[in-house]
Amino acid sequence: MKRLSYIFILLLLLSACKNDSISTGTSVLPPEDEIVVNVDTFAVGSSLQKTEYIYTSSDSMLLGECDSRFGTIHANILTQLACPEGYVYEEGAVVDSVCLFLAYSSWFGEGKSPMSIRVYEMDKNTFYYTNMYRTDIDVSEYWSGSDTTLISERNRIIVPSESTDSFSAGNYYVRIKARDSFAQRFFMLRDFSSQENYAEQFKGLYITSDFGSAVMLNVKEISLAVFYHFSYPKLGKDTTVYNEKWFYANSEVRSVNSITHTNLDFNSLQALQDSVCYVVSPANLSTRLQIPMQHMSEEIKESIGKKRPYVNLAKLKIDVLNVYSGQTSQKTSDDWSQPANYMLLVKESSAERFFKDKELPQDTCAIMSALLTGIDSLGNTTYYYSYDLKTMLTRQLRETEVVDTLNMLLVPVSVVYTSSSSSLSLSAIHPLQTVSATTIRSAQNISNPMTLEVVYSGF
């Protein structure tokens with residue numbers, strides 16, 4: 001019994017020593033070295049903004065015209081053709097025909113609606129490969145508007161949903177035969193020494209649509225084929241060989257989408273921004289988010305004093321409202337305009353530089369989110385974008401002069417991944433050039449306003 005009492009007393013002493021050690025360790029820290037952790041919630045603002053242009057990319061080209069609740073989009077294509085460096089036609093070669101081929105993978109709008117395609121030769125200026133070009137490009141700087149530059153005898157009328165000329169590898173192909181005068185002139189272009197010299201001989205093509213306002217093509221490939229023949233002696237007889245040479249609008253040259261927006265009732269859409277906001281591509285509309293940095297800085301300083309601020313967590317969730325359920329067979333115009341698969345949140349002051357210089361997302365300037373799904377309390381599928389702003393906010397709070405409001409833009413983007421050693425890495429990001437329309441719950445929504453919960457510390 002006495003032995004058990006000794007053991008009990010020993011355990012109490014050990015326990016007392018352990019508690020005293022923790023208390024002492026804390027008490028010896030001076031107040032300025034203590035770590036303060038806190039949580040605050042801040043209101044976020046939002047507003048609808050017009051987007052006049054984006055920097056064009058060649059991963060997808062729109063062609064045609066289409067009406068929607070966001071106005072009328074009209075898209076044309078201006079493109080160079082790549083020089084087949086070092087190529088030489090066989091001696092005595094004679095041209096048979098020249099044809100332009102357009103390959104499109106899909107369309108936006110009513111696929112059974114007819115549209116016309118007209119193709120002209122650019123006759124004033126050409127592009128420089130090192131330059132970036134915007135979708136609000138002035139076509140008159142590159143094409144004179146003269147009908148003499150038309151490469152075909154007449155318009156090509158197509159119905160996008162029908163297999164117009166052929167269908168292969170997921171693409172529909174449209175074939176446009178050039179008139180003989182153009183075929184002869186194009187065939188006589190023989191300086192294939194460099195892309196620069198070739199572009200001086202042949203500046204490029206201007207492809208447009210002047211009929212139909214219900215459908216737009218997502219053009220994936222543009223190529224021009226020269227069909228010709230030549231003869232050579234064989235066993236004492238002339239033998240005729242039929243051949244072809246292809247010229248491509250590929251990554252070695254510049255292809256530019258000229259996109260205009262008309263009939264946009266901006267005031268009506270803006271009147272809804274206390275409930276919803278919109279992000280529409282290509283260009284057209286974006287949503288600005290306003291983060292109250294000065295107010296946030298004051299609240300955090302009041303909590304942590306003169307300690308150095310560090311944001312540990314700052315998740316911003318943006319609810320998406322207009323996802324097509326697929327439960328009905330007939331899509332409305334709004335159903336066609338579906339949310340972007342990827343949405344970039346970028347500082348408004350850095351957006352121009354970000355896309356012009358082809359930057360990649362960094363937590364201090366831009367953050368990207370895929371369209372995510374969840375389940376609400378009623379078992380319904382929800383859609384949203386999610387951004388962690390902790391690195392960006394930490395940097396903003398440590399500035400010598402904290403801005404009153406941090407303005408951010410939501411920009412729909414397309415992404416390019418490259419694979420290496422069984423892993424994927426983001427290699428490029430472009431403003432989305434296909435048609436999309438994302439409806440988000442605005443920050444001022446009465447039933448569910450947008451807030452930013454910030455977990456921060458000071459040490």
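Which residues does Ile207 touch, not counting residues up to four places away in sequence? The close-up views below include this one.

The model is predicted: local features need pLDDT of at least 70 and side-chain atom pairs count only at pLDDT 80 or more, while totals for chains, interfaces and linings use all residues. Residues are numbered from 1 along each chain as its sequence is written, and side-chain values use heavy atoms, with hydrogens and water left out.

**View A. Contacts of Ile207.** Contact means heavy atoms within 4.5 Å. Leaving aside residues up to four places away in sequence, Ile207 touches Leu63, Asn76, Ile77, Leu100, Leu102, Ile117, Arg118, Val119 and Ile222.

**View B. The largest nonpolar core.** A nonpolar core is a set of buried Ala, Val, Leu, Ile, Met, Phe, Trp, Tyr and Cys residues joined through side-chain atoms within 4.5 Å. Buried means under 20% relative accessible area, exposed over 50%, and partly exposed in between (1.4 Å probe, protein chains only). The largest core has 41 residues, of which Leu100, Ile117, Phe186, Ile207, Leu224 and Val226 touch the most other members. At least two residues of this core come from each of strand 3, strand 5, strand 6, strand 9 (171-177), helix 2, strand 10 (205-208) and strand 11. Strand 11 gives the largest share, eight residues. A second, separate core of 36 residues includes Val44, Met343, Ile367 and Met392.

View C. Helices (H or I, at least four residues) and strands (E, at least two) are DSSP runs, numbered from the N terminus. Helix 2 spans residues 180-187, and its residues Phe182, Ala183, Phe186 and Phe187 are buried. They lie on the same side of helix 2, because they cover an arc of only 125 degrees around the axis; the arc is that of the directions from the helix axis to the C-beta atoms. Asp180 and Ser181, on the other side of helix 2, are exposed. The cover over the buried residues includes strand 5 (94-109), strand 6 (115-121), helix 3 (195-201), strand 11 (214-234) and strand 12 (237-248).

**View D. Surroundings of Cys66.** Cys66 is found in strand 3 (residues 61-68). This residue is buried, with a relative accessible area of 5%. Cys66 and Ala214 are 148 residues apart in sequence, yet their C-alpha atoms are 4.5 Å apart in space.

**View E. Strand 2 and its pairing.** Six of the seven residues of strand 2 (residues 45-51) are buried, so strand 2 is largely enclosed by the rest of the structure. Strand 2 pairs with strand 15 (residues 284-291) in the antiparallel sense over seven bridges; two strands pair if DSSP finds at least two bridges between them. Leu289 in strand 15 is the bridge partner of Ser46.
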